[in-house]
Amino acid sequence: MSDQDPIVRKLAFWGIPLSVGVLLLKLLAWWVTGSVALLSDGLESTVNVVAALIAYFVIRYAQKPADEDHPYGHHKAEYISAVLEGVLIVIAALLIIKEAVPALQSPQPLEAPVLGLAINFGAGVVNLVWAQLLIREGRKHRSPALTADGQHIMSDVVTSIGVLAGLVLVVLTGYAILDPLLAILVACNIIYQGWKVISHSVAGLMDKAVEPEEEEAIKQAISENAMGSIGVHYLRTRRAGAATFVGFDLVVPSAMPVGQAHEICDRLEAAIKKAQPGARVTIHVEPESEKAHGVGVKVEG
């Protein structure tokens, strides 16, 4: 277990009571106003509660050490959490549309709009601070579940801003029909955000390679520390939650002793882990007679 694991778990845990508190505030705002748009905002927050629970338990599972059945660890469980969250986001949007469409036929004037908007604004501020913290720490500790949770809450913040602006317009103009129309627009935005979360998480489940800048850092580490070898080819990378996997073939002179080749491998592994903390490195040593294939790396010196 790394030093970062308890931080990720603690953030995931505190997301549960905080999301419940925000949900209660938004439902209170809906109760005092009767606004369908505020109800839609509250329905999205119910997803936040479920997502926070899923994220907490999945992160705990993903941080379990490798075992006999999972020799590469349990990191991909975080992607499953993120996919589930994306699906829940879309379901929330459909529920919002279900509530909003009937209200288009008989729009109702808002009750106590100032109080309701003030309560919803307070909930939005809490969400904004929390979302920024989750996204920053999720990226820092390479936690897809934590990052997805933060991104979803940030979409909730955008929703709240739109709802508040729209309801101010309703109060100023007196056009009550703007309330359900606003709720439908909110739902469309939520569907889009849910799709982004799902597509990003599916890419992780499909063993997507690391980002281009990370691959360049890995190539540079190999290039500067492969002295004594003839070349490097068949470079592969993949990301699984917080773990990065790097593999490649190292070509050495046919007469090179095993011990010397092993020293080069140790040096390369240390350099890659420095460039990409926590990387799992697999190096296959080949004699110079082997034909190069895949992604090659030019060796300095």
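This is a predicted model: local features need pLDDT of at least 70, side-chain atom pairs count only at pLDDT 80 or more; totals for chains, interfaces and linings use all residues.
A residue counts as buried when its relative accessible area is under 20%.

**The nonpolar cores**
- The largest nonpolar core is made of 28 residues, and Ile96, Val163, Leu167 and Ile190 have the most contacts inside it.
- H3 hands over the largest share, with 7 residues.
- Take a look at Val163: setting aside neighbours within four places in sequence, Val163 touches Ala37, Leu38, Leu182 and Val186.
- There's also a second, separate core of 22 residues, and its members include Leu235, Val252, Ala261 and Val281.
- As background, nonpolar side chains tend to be buried together in soluble globular proteins.

**Helix H4 and what follows**
- H4 runs for 28 residues and spans 40 Å from its first C-alpha to its last, close to the 40 Å expected at 1.5 Å a residue.
- Just after H4 comes Arg142, with a positive phi of about 55°.
- For context, most residues other than glycine have a negative phi.

**How H5 and H6 pack**
- For H5 and H6, the axes come within 10 Å and cross at roughly 165°.
- An angle over 145 degrees counts as roughly antiparallel, so that's how H5 and H6 run relative to each other.
- H5 passes H6 in a right-handed crossing.
- Among the residues that meet here are Ala148, Ser155, Gly162, Val163 and Leu167 from H5, and Leu182, Val186, Asn189 and Ile190 from H6.

**Two residues in strand E1**
- Arg239 sits in strand E1, which covers residues 231–240.
- Arg239 has 15% relative accessibility, so by the under-20% cut-off Arg239 counts as buried.
- Who's around Arg239? Leaving out neighbours within four places in sequence, its contacts are Tyr79, Arg142, Gly204, Lys208, Val210, Glu214, Thr244 and Gln276.
- Val126 is 113 residues from Arg239 along the chain, and their C-alpha atoms are 32 Å apart.
- Tyr234 is in strand E1 too, and its relative accessible area of 36% makes Tyr234 partly exposed.
- Tyr234 also has a positive phi, near 55°, and Tyr234 isn't a glycine.

Technical notes:
Residues are numbered from 1 along each chain as its sequence is written. Side-chain values use heavy atoms; hydrogens and water are left out. A nonpolar core is a set of buried Ala, Val, Leu, Ile, Met, Phe, Trp, Tyr and Cys residues joined through side-chain atoms within 4.5 Å. Buried means under 20% relative accessible area, exposed over 50%, partly exposed in between (1.4 Å probe, protein chains only). Helices (H or I, at least four residues) and strands (E, at least two) are DSSP runs, numbered from the N terminus. Contact means heavy atoms within 4.5 Å. The expected span of a helix is 1.5 Å times one less than its number of residues. Axes are lines fitted to C-alpha atoms, for helices over the stretch in contact, and angles run from 0 to 180 degrees between N-to-C directions. Angles under 35 degrees count as roughly parallel, over 145 as roughly antiparallel, 65 to 115 as roughly perpendicular and the rest as oblique. A crossing is left-handed if the near helix is turned anticlockwise from the far one by less than a right angle, and right-handed if clockwise.
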